Amino acid sequence: MKTSLLSFGILLFAAGTLQANVITCSNNAINAGMYTTIQAAHDAAGVGDTVYVMGSPSSYGDLTIKTRITVIGAGYALTGTQYNYASTLGNIYFDTVGFGNPVSGTHLMGLYFQGINQTGSGAINNITIERCFVNSTLNIYGHNWNIRNNNAYYININNNSYIYIQNNFIGYIQNTNSPTVVVSNNDFVSYSYNTFYNTSNALIANNIFYYCNPTAGATGCTFSNNITTASTAMVLPPAGNTGANNINNTPPGFTDATIPSATVSQASISGYNWKLKPTSPGHNTGTDATDIGAYGGAYPMPNLTGATRIPQMQLFNAAGVVPQGGNLNVNFKARKQN
């Protein structure tokens with residue numbers, strides 16, 4: 001008999017030390033979880049609980065979040081594991097109607113999903129989204145959101161405050177008017193039109209704009225220590241904005257020479273090495289003396305797979321039928337995560 005388990009994180013701390021519950025979810029028969037649907041796993045969770053979503057060849061569908069939880073997936077573009085299955089969801093909805101638990105404070109990690117939306121109205125604050133692939137629109141519905149280390153097509157800030165968009169790969173951003181919005185150390189590479197729309201007063205620093213247009217759609221913003229590369233000249237800061245130390249119309253000097261000299265599709269970003277060479281004009285020239293782009297700044301991009309910090313199982317095989325009292329041979333392999 002041979003049993004194979006999907007790759008996923010291994011908890012290395014004793015369950016007795018946890019204050020909150022851990023709930024597992026898997027819709028793959030060869031790796032059972034406590035629940036087979038993501039919504040059932042969520043509905044069984046209480047405030048502060050963690051839901052682990054196993055990698056699977058099948059999507060878990062939509063998730064409506066009605067309480068403050070942490071949701072951790074296996075990643076979105078895994079390599080080097082037994083099956084390389086992503087944790088794929090549909091749309092994620094924050095529900096503010098008809099329940100008594102707080103949604104604010106939710107943390108999403110290591111997931112592939114379509115977008116963030118809201119059911120009802122009212123502010124949803126203190127949200128963290130990291131190491132996720134967002135295939136459509138990431139809508140922000142409150143203050144103090146941290147968006148970091150993601151691959152996100154489009155972020156709609158909805159004129160909220162204290163929004164920190166750091167160390168991501170992004171297509172474009174729109175609808176912000178607050179001076180407390182920080183857009184730093186991102187690589188804008190996957191959208192050929194305007195990077196910003198209806199954007200004002202934001203701090204825009206240490207970003208790489210690769211074959212996209214950051215000079216339109218922004219007013220009253222501060223552009224500092226950014227790099228632009230395009231087929232036509234694009235100079236920062238644009239008229240009506242301020243800033244200094246931008247590197248205009250210059251190749252970033254990526255390590256990977258195979259990156260196309262044009263926009264790159266969001267789905268193919270994980271296939272390239274976007275780190276800067278030591279000879280790059282962006283190397284250690286950010287406002288904090290680290291690299292410009294996603295690999296510098298406060299949250300350097302840890303990987304382009306979405307794998308989270310918990311150790312990850314790469315292989316688990318138990319082979320053979322043994323008599324009572326016999327030995328069962330087990331092949332187990334795991335790796336440390338950044």
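Here is a short briefing on the fold, cores, largest pocket and some individual residues of this protein. The model is a predicted one. The protein has one helix and 26 strands, and buried residues make up 50% of its 338 residues. Of the contacts with a separation of 6 or more, 41% are between residues 24 or more positions apart.

**Nonpolar cores**

- The largest nonpolar core holds 50 residues, and Ile116, Ile129, Trp145 and Ile155 are those with the most contacts inside it.
- Leaving aside residues up to four places away in sequence, Ile129 touches Leu108, Phe113, Ile116, Leu138, Trp145, Asn146, Ile147, Arg148 and Asn150.
- There is also a second, separate core of 17 residues, which includes Ile227, Ile259, Val264 and Tyr295.

- Asn139 sits in strand S11, which covers residues 133-139.
- Is Asn139 buried or exposed? With a relative accessibility of 10%, Asn139 falls under the 20% cut-off and therefore counts as buried.
- A polar atom of the Asn139 side chain lies 3.1 Å from the backbone oxygen of Ile116, a residue that is also among those with the most contacts inside the largest nonpolar core.
- The side chains of Asn139 and Asn117 make a polar contact at 3.4 Å.
- Beyond residues up to four places away in sequence, Asn139 touches Ile116, Asn117, Trp145, Asn156 and Asn158.

**Backbone features worth a look**

- Asn158, one of the residues touched by Asn139, has a positive phi of about 55° although it is not a glycine.
- Asn158 belongs to the loop between strand S13 (151-156) and strand S14 (163-166), and its relative accessible area of 31% makes it partly exposed.
- Arg131 is not a glycine either, yet has a positive phi of about 55°.
- Arg131 is placed in the loop between strand S10 (128-130) and S11, and it is buried, with a relative accessible area of 4%.
- Which two residues does a cis peptide bond join? They are Leu236 and Pro237, and omega is about 0° there.
- Pro237 itself lies in the loop between strand S23 (227-229) and S24.

**The largest pocket**

- The largest pocket has about 170 Å³ of space.
- Its lining consists of Tyr210, Tyr211, Thr229, Pro251, Pro252, Gly253, Phe254, Asp256, Ala257, Ile259, Ser261 and Lys277.
- By residue type, the lining of the largest pocket divides into seven nonpolar, three polar and two charged residues.

- You will find Ser280 in the loop between strand S24 (242-244) and strand S25 (312-319).
- Ser280 has a relative accessibility of 7%, so it counts as buried.
- A polar atom of the Ser280 side chain lies 2.3 Å from the backbone oxygen of Pro252.

Terms used:
Residues numbered from 1 in each chain as written. Predicted model: local features only at pLDDT ≥ 70, side-chain atom pairs only at ≥ 80, totals over all residues. Heavy atoms only, no water. Helix = DSSP H or I, 4+ residues; strand = E, 2+ residues; numbered from the N terminus. Buried < 20%, exposed > 50% of the residue type's maximum accessible area, 1.4 Å probe, protein only. Polar contact = N/O pair within 3.5 Å; in protein donor to acceptor, adjacent residues only side chain to side chain. Contact = heavy atoms within 4.5 Å. Core = buried A, V, L, I, M, F, W, Y, C linked by side-chain atoms within 4.5 Å. 1 Å grid on protein atoms, 1.4 Å probe; cavity = no way out; pocket = protein on both sides within 12 Å on 5 of 7 lines; lining within 4 Å. Points joined across faces, edges and corners; volume = space filled by probe spheres on them. Nonpolar A, V, L, I, M, F, W, Y, C, P; charged D, E, K, R; others polar.
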